[in-house]
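Let's walk through this fold together, starting from the whole chain and ending at single residues. Please keep the viewer open as you read.

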Amino acid sequence: MFKQNVIKRITDVGVVAVVRADNAEQAIKISEACVKGGIPAIELTFTVPGAADVIKELAKAFKPEDLILGAGTVLDAETARAAILAGATYIVSPGFDLATAKLCNRYQIPYMPGCLTITEMLTAMEAGVDIVKLFPGSAFGPSYVKAVKGPLPQANIMPTGGVNIDNIGEWIKNGVVAVGVGGELTRPATKGDFAGVTANAKAFVEAVKKARAAK
């Protein structure tokens, strides 16, 4: 049930914070700000220097019940395994990789690969993927989700890229189970304004609640 529990916790909140940072200290501060604002799902990208070590630090700094720790920009199974051993509880990729899907299934870790076409989504779902990351979401926008869910109503879609506070309601309305948000959420941290990150997090969480209530 570990895998399904992680997925449920992510979809219940509906927002994954995509965290890019210069070091572990900054990543922890950004994560703290997101958690404080109501977003416990953190995707620490492997573009961060020493990402595996940063994931270890995050795993030490937070209790599992407070933080849903994931690894992003994972390009292969080797990186996925390193992330899992470091403490990641879900894996996110910009594209689909079968070896990574198999590895994650072996360890009962949710794998969210980036897909754009219906063929890519079907391939991922057939490999056991529970949530498809629509990436880049900015390529087509919220209306694309509705079009995809016509023939694939069973697809659980999470867009990343192109999601902001103004259009998040449209994404939810068109059927996504969650959204991934990076710079639109964490940008204040680049100026050391972590309170601003918390404020953004609260706004995104509230926007998801409002949109779901209106469906």
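For the charge count used here, Lys and Arg are positive and Asp and Glu negative, while His and the chain ends are not counted. Each charge is placed at NZ of Lys, CZ of Arg, CG of Asp or CD of Glu. On that basis, the protein chain has 23 positive and 20 negative charges, and their mean positions lie 5 Å apart.

A word on the source: this is a predicted model, in which local features need pLDDT of at least 70 and side-chain atom pairs count only at pLDDT 80 or more, whereas totals for chains, interfaces and linings use all residues. Residues are numbered from 1 along each chain as its sequence is written, and side-chain values use heavy atoms, with hydrogens and water left out.

Now for the overall build. The protein chain has ten helices and eight strands; these are DSSP runs numbered from the N terminus, helices being H or I of at least four residues and strands E of at least two. Its radius of gyration is 16 Å, close to the 17 Å that the globule rule gives for 215 residues, so the chain is as compact as a globular protein of that length. Here the radius is taken over C-alpha atoms, and the rule is 2.2 Å times the number of residues to the power 0.38.

What holds the inside? Of the 215 residues, 52% count as buried, meaning under 20% relative accessible area, with exposed over 50% and partly exposed in between (1.4 Å probe, protein chains only). A nonpolar core is a set of buried Ala, Val, Leu, Ile, Met, Phe, Trp, Tyr and Cys residues joined through side-chain atoms within 4.5 Å. The largest one has 64 residues, among which Leu44, Ile91 and Met121 touch the most other members. Helix α10 gives the most to this core, with seven residues. A second, separate core of 13 residues includes Val6, Val16, Val92 and Ala178.

Look next at Val197, in helix α10 (residues 194–214). Val197 counts as buried because its relative accessibility is 0%. Cys34 is 163 residues away in sequence, yet the two C-alpha atoms are 6.4 Å apart. Contacts of Val197 (heavy atoms within 4.5 Å) beyond four places in sequence include Ile30, Cys34 and Leu185.

Finally, Phe135 sits in the loop between β6 (132–134) and α7 (142–148). With a relative accessible area of 31%, Phe135 is partly exposed. Beyond four places in sequence, Phe135 touches Pro94, Gly114, Cys115, Leu116 and Thr160.
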